[in-house]
Structure formats: structure tokens, C-alpha cells
Amino acid sequence: MTTLEFSYSLNKLSSSLKPFAMKLTRDVDDANDLLQDTMVKAFTNKDKFTEGTNLKAWLYTIMKNTFITNYQRMVRRGTFVDTTDNLHYINSSDSLIENGVFGNFTMDDINEAIEKLDDVYKTPFMMHFRGFKYHEIADKLQIPIGTVKNRIHIARKLLKEDLMVYKHKN
């Protein structure tokens, strides 16, 4: 496919990508930006497109991946997107209010509740808490991934119940 044919095909498909961009971004300007980013990436990577395959599906994939990458980048930056008129308050230390009241639970209470758990629930829960992924826990403990998820869910439920009992005592 020549560059001219590829460009023509991109232009023809751009109108069908617009609703998908709107669905992802929920904003007209962001959708237009995403559509433009998608078209630029597609054109600059035209050599990676295999002729005879579905160009529309390829463009949808580029758009979805671009949206996800942009979203993750925004989250990593800790950006707060405010669409209100008072944008000057964003990240202003003047608008911060400190809460002097401490939570009802101390770390000792939480650790005590965790220690009360049976090892069958505590081990996967603590591994997940320390950052292990479900599949890593399943491999390490040699149990099915569904069992890992179930045990972590039960551990959370038991901890919640235990801490709620503590809360009502005080």
C-alpha cells in the first residue's frame, strides 16, 4: 500500500473512530486530541501495518492503547483535573484543611486483627498487601488463582468484622 493509499484509508476511517474516542474520553476536545494522536501514530508506524489485515481494528487498538498510556501518565503525575471555573485553587496550600482527629484504629489494632487470622488467609493476604500479584501468590503457595482471590476476600471480610467489633467497644 502506498503512502497516498494509506493516508486516504486513514482519512476515510477517522470518522468511524470519533465515537470510540468520545466513549473513552467523554469530552469533545479530548476526543479530538486522542483521534489526532491515533492518526499521527498510525501514519508514523504505517510500516508496521500488514496489508490485507483489518486497518480499522488496528486503529482501534492504537487508540485504546494511546488512551490507556495517557491516562496512566496522568495518574502517575498525580494530576488533578478540575473542570470548574475556580482553577486557581488547584494545588493551593491555602485550601488545605488538616484534620486533627486521628482514626479510631491504631496500627496495633490492625496488626492484632491480622494476627488473629488463620494462616490459610493471612499468608495470601499479607503477600497481596506487600505487592505480590495474584498469579505470583498462586505460584508461590501452589494453589489455584481463584483460591488466592477467595482467601484474600475472606481475610478482608474477617478483618472488617473484627475491626468493626473493636470500633463498637470504644
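**Salt bridges and a helix face**

Mentor: Let us begin with one residue of this predicted model. Asp119 counts as exposed, at 51% relative accessibility, since the cut-off for exposed is over 50%.

Trainee: Which residue does the side chain of Asp119 meet in a salt bridge?

Mentor: The side chain of Asp119 meets that of Lys122, at 3.5 Å from N to O. Both belong to helix H5 (residues 119–129), and, being three residues apart, they are separated by about one helical turn. Salt bridges that share partners join Glu115, Asp119 and Lys122 into one network.

Trainee: Are Glu115 and Lys122 buried or exposed?

Mentor: Glu115 is exposed, with a relative accessible area of 55%, whereas Lys122 is buried at 14%. Their side chains form a salt bridge of 3.4 Å, N to O.

Trainee: How many salt bridges does a search of the whole structure find?

Mentor: The search finds three. One of them pairs the side chains of Lys116 and Asp162 at 3.5 Å, N to O. This pair links distant parts of the chain, with Lys116 in helix H4 and Asp162 in helix H7, 46 residues apart.

Trainee: How does one read the faces of a helix?

Mentor: An α-helix has 3.6 residues a turn, so residues three or four places apart point the same way. In H2, the buried residues include Ala31, Leu34, Leu35 and Thr38. Seen down the axis of H2, the buried residues fall within an arc of 135°, so they line one face. They pack against helices H1 and H3, while Asp29, Gln36 and Thr44 are exposed on the other side of H2.

Methods:
Residues are numbered from 1 along each chain as its sequence is written. This is a predicted model: local features need pLDDT of at least 70, side-chain atom pairs count only at pLDDT 80 or more; totals for chains, interfaces and linings use all residues. Side-chain values use heavy atoms; hydrogens and water are left out. Buried means under 20% relative accessible area, exposed over 50%, partly exposed in between (1.4 Å probe, protein chains only). Helices (H or I, at least four residues) and strands (E, at least two) are DSSP runs, numbered from the N terminus. The arc is that of the directions from the helix axis to the C-beta atoms. Contact means heavy atoms within 4.5 Å. A salt bridge is a side-chain nitrogen of Lys or Arg within 4 Å of a carboxyl oxygen of Asp or Glu.
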